[in-house]
Amino acid sequence: MTASFSAVAAHPTASQIDLHTRKGWQAELSLSYRDRVDKTVLKHREQKGPLTVQQALYPEGEVCHSYLLHPPGGVAGGDTLDIRVDVATGAKVLVTTPGATKFYRSEGRFARQLQHLSVAQGGRLEWLPQENIFFPDAHAQLNTVVHLAKGAQFVGWELHCFGRPALNECFGSGKLIGKTEVYIDGRRVICEGLNFSGGDKLLINIGMQGFPMMGNLYLSEIGQGFYQLVQGLLSDIQSELGGDKLLVAATQVEGLIIVRALGHWSEDILHCFTRVWQQARSQTTGRAPSPPRIWAT
């Protein structure tokens with residue numbers, strides 16, 4: 001579920017560059033969405049530093065689509081990005097990003113990305129960022145906390161690419177830490193940790209089975225039998241792509257379905273997760289959504 005960002009046409013001032021050199025970018029973004037009966041609107045936005053959101057789009061009518069933007073275009077040691085999203089009762093929100101986040105190499109200083117997502121009863125949040133790419137020698141801490149009221153709908157994923165496979169570059173050194181927590185009706189149902197040391201052959205060869213990419217998808221359960229439907233869908237996708245390209249499986253934990261994937265390319269995992277998301281939306285609304293257009297640009 002970690003958000004990814006792409007560069008946009010923005011030029012920091014000399015004083016901002018000087019502050020970044022000494023401390024890193026310190027950025028905060030808080031978004032609150034409300035149901036206006038005819039459509040969902042971004043009711044409140046508060047931002048600090050180089051982190052913002054594009055004007056709301058409505059390609060599906062009532063669903064509010066938001067694109068997160070980080071003008072520097074990458075995350076370096078010392079940077080902190082703090083993102084908070086609140087979805088009220090009846091609001092329907094899709095949040096995504098224009099491209100991958102690049103976590104650059106650093107001299108031991110950690111880049112931090114903190115995400116706090118909350119969805120009220122009857123609200124729906126689809127948190128669909130593109131992948132994170134960790135350069136060799138990157139140091140990053142990624143923490144995500146999701147609070148779902150009883151009856152809230154949620155689909156969210158996180159995709160991590162260790163190194164740059166297209167350049168035959170592995171994550172030979174560096175450190176990634178963090179955790180993802182999901183609460184339903186105030187009760188924590190899952191807490192998953194991230195502790196990845198660059199060059200750890202045991203983790204890469206056994207834990208990752210030689211794949212350079214991993215992804216987790218978290219989905220609030222939708223009625224009886226949906227878990228079995230997801231398992232069947234994953235089996236079909238695995239057959240289409242083949243086990244040498246993608247390994248995928250699902251787990252059910254107290255009202256939450258978790259899909260885990262290992263792959264060589266982000267496109268394969270994104271394809272798999274998109275199919276699950278579309279099935280979940282079709283199950284609740286009777287109509288499968290199209291992927292956001294920004295993914296094709």
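This is a predicted model: local features need pLDDT of at least 70, side-chain atom pairs count only at pLDDT 80 or more; totals for chains, interfaces and linings use all residues.
## The open sheet

Seven strands make up an open sheet, arranged in the order E2-E1-E5-E8-E11-E14-E15, and their pairing is mixed. The edges are held by strand E2 (40-48) and E15, each of which has a single partner strand, so one side of each is left without a neighbour in the sheet. From one strand to the next, the twist averages 10 degrees.

At one end of this order, strand E1 (residues 26-35) and E2 run antiparallel and are joined by eight bridges. Within this pairing, Leu 29 has Gln 47 in E2 as its bridge partner.

## Helix H3

Helix H3 (residues 226-241) contains 16 residues, which at 1.5 Å a residue should span 22 Å; its end C-alpha atoms are 23 Å apart, which agrees. Directly after H3, Gly 242 adopts a positive phi of about 95 degrees.

Which residues of H3 are buried? They are Phe 226, Tyr 227, Val 230, Leu 233, Leu 234, Ile 237, Gln 238 and Leu 241. Viewed down the axis of H3, the buried residues fall within an arc of 140 degrees, so they line one face of the helix. The buried residues of H3 pack against strand E16 (213-220), E17, E18 and H4.

## Helix H4

Helix H4 is one of the elements against which the buried residues of H3 pack. Just after H4 comes Gly 286, with a positive phi of about 85 degrees.

The buried residues of H4 include Ile 269, Leu 270, Phe 273, Val 276 and Trp 277.

## Salt bridges across the chain

Side chains of opposite charge can pair when their charged atoms come close. The structure holds twelve salt bridges. One of them joins the side chains of Glu 60 and Arg 281, at 2.6 Å from N to O. This pair links distant parts of the chain, 221 residues apart: Glu 60 is in the loop between strand E3 (52-53) and strand E4 (64-69), while Arg 281 is in helix H4 (residues 266-285). Are the two partners buried or exposed? Glu 60 counts as partly exposed because its relative accessibility is 29%, whereas Arg 281, at 5%, counts as buried. Both residues belong to a network of salt bridges that also links Arg 124 and Glu 126.

A second salt bridge brings together the side chains of Arg 105 and Asp 137 (3.5 Å, N to O). Arg 105 lies in the loop between strand E7 (101-103) and strand E8 (111-119), and Asp 137 in the loop between strand E10 (132-134) and strand E11 (138-148), so the pair ties together parts that are 32 residues apart in sequence. Arg 105 is partly exposed, with a relative accessible area of 45%, and Asp 137 is partly exposed at 27%.

In a further salt bridge, the side chains of Glu 254 and Arg 187 meet at 2.2 Å, N to O. Glu 254 lies in the loop between strand E17 (246-253) and strand E18 (256-263), and Arg 187 in strand E15 (residues 187-197), so this pair ties together parts that are 67 residues apart in sequence. Glu 254 is partly exposed, with a relative accessible area of 49%.

Terms used
Residues are numbered from 1 along each chain as its sequence is written. Side-chain values use heavy atoms; hydrogens and water are left out. A salt bridge is a side-chain nitrogen of Lys or Arg within 4 Å of a carboxyl oxygen of Asp or Glu. Helices (H or I, at least four residues) and strands (E, at least two) are DSSP runs, numbered from the N terminus. Buried means under 20% relative accessible area, exposed over 50%, partly exposed in between (1.4 Å probe, protein chains only). Two strands pair if DSSP finds at least two bridges between them. Axes are lines fitted to C-alpha atoms, for helices over the stretch in contact, and angles run from 0 to 180 degrees between N-to-C directions. The expected span of a helix is 1.5 Å times one less than its number of residues. The arc is that of the directions from the helix axis to the C-beta atoms. Contact means heavy atoms within 4.5 Å.
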